[in-house]
Amino acid sequence: SKKNHKELTFKDFVLQWELLLKYLKIDKCNLIGFSIGALIAQHFAVKNTKKLNKLILIGSVFQRNKDQIALVKNRFEQAKKGGDIVNSAIRRWFNSDYIKKNPDIINLFNDMLKRNKKKDFLPAYKVFVHADEHLLNFNNFDIKTLVMTGENEEGSTPEMSAKLHKKLNNSELFIIPKAKHMVSYEESEVVNKKLYQFINN
């Protein structure tokens, strides 16, 4: 992705995906979105229903309450001031047992997060923080969708996924026991098996 954006919107991310599909000459695909990518996937899907076979949303926030929005806004302000949000992110994303048993994976994420440059990271993070201000109309949305999250997810809670599932007419809800935000790492076999079944059935 190009950098040096002072401001970003969901329209920018959606346009990027539209151009990528055009460049790759893909007329129709299955789309998987994770975390902020799950939000972008929803915006893409509502605008480009004919380009999708199936939609998978992993760890998506949805209709956050005032306290939940306040928490993420506080993290955003800390990041703007140069505060360390890496350790708290790791604790939100992974169970403590997984952290102890998988130091290589945790170090990988630590290094990745520490390499983030504030001027590139903050515009994208701001889109995530204010996502609830950009509501989508799912009334006529009928793409077969899988909504997935971890049972112990703190940011994209099972309750949010359940509400999103109810909003989407043709959707399936899948909550992964004991997992947190990084379900695709903590429970990779469970996640991949479910994705394979959903896409191929």
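This is a predicted model: local features need pLDDT of at least 70, side-chain atom pairs count only at pLDDT 80 or more; totals for chains, interfaces and linings use all residues.
**Notebook: pockets and overall build**

I started with the second largest pocket: its lining splits into six nonpolar, four polar and four charged residues. My classes were nonpolar for Ala, Val, Leu, Ile, Met, Phe, Trp, Tyr, Cys and Pro, charged for Asp, Glu, Lys and Arg, and polar for the others, Gly among them.

Residues are numbered from 1 along each chain as its sequence is written, and side-chain values use heavy atoms, with hydrogens and water left out.

What is a pocket here? On a 1 Å grid over the protein atoms alone, it is an open set of points where a 1.4 Å probe fits, with protein on both sides within 12 Å along at least five of seven lines; lining residues have an atom within 4 Å of a point.

I looked up the volume of the second largest pocket and got about 460 Å³ (the space filled by probe spheres set on the grid points, which are joined across faces, edges and corners). It is lined by 14 residues, and Ser1, Lys2, His5, Phe13 and Gln16 are the closest to its centre. Helix H1 (10-24) and H7 are the elements that give two or more residues to this lining. H1 has the largest share, five residues.

Next, the largest pocket, with a volume of about 1,300 Å³. I found 41 lining residues, with Trp93, Leu113, Asn116, Phe121 and Tyr125 nearest the centre. Which helix supplies the largest share of this lining? H7 does, with seven residues. Among the other helices that supply at least two residues are H2 (36-47) and H6 (103-115). By class, I noted 20 nonpolar, nine polar and twelve charged residues in this lining.

Then I zoomed out. The protein chain has ten helices and four strands (DSSP runs numbered from the N terminus: H or I of at least four residues for helices, E of at least two for strands). Its radius of gyration, taken over C-alpha atoms, is 17 Å, close to the 17 Å from the globule rule (2.2 Å times the number of residues to the power 0.38), so the chain is as compact as a globular protein of 201 residues. Along its principal axes, the C-alpha trace spans about 45 × 40 × 35 Å.
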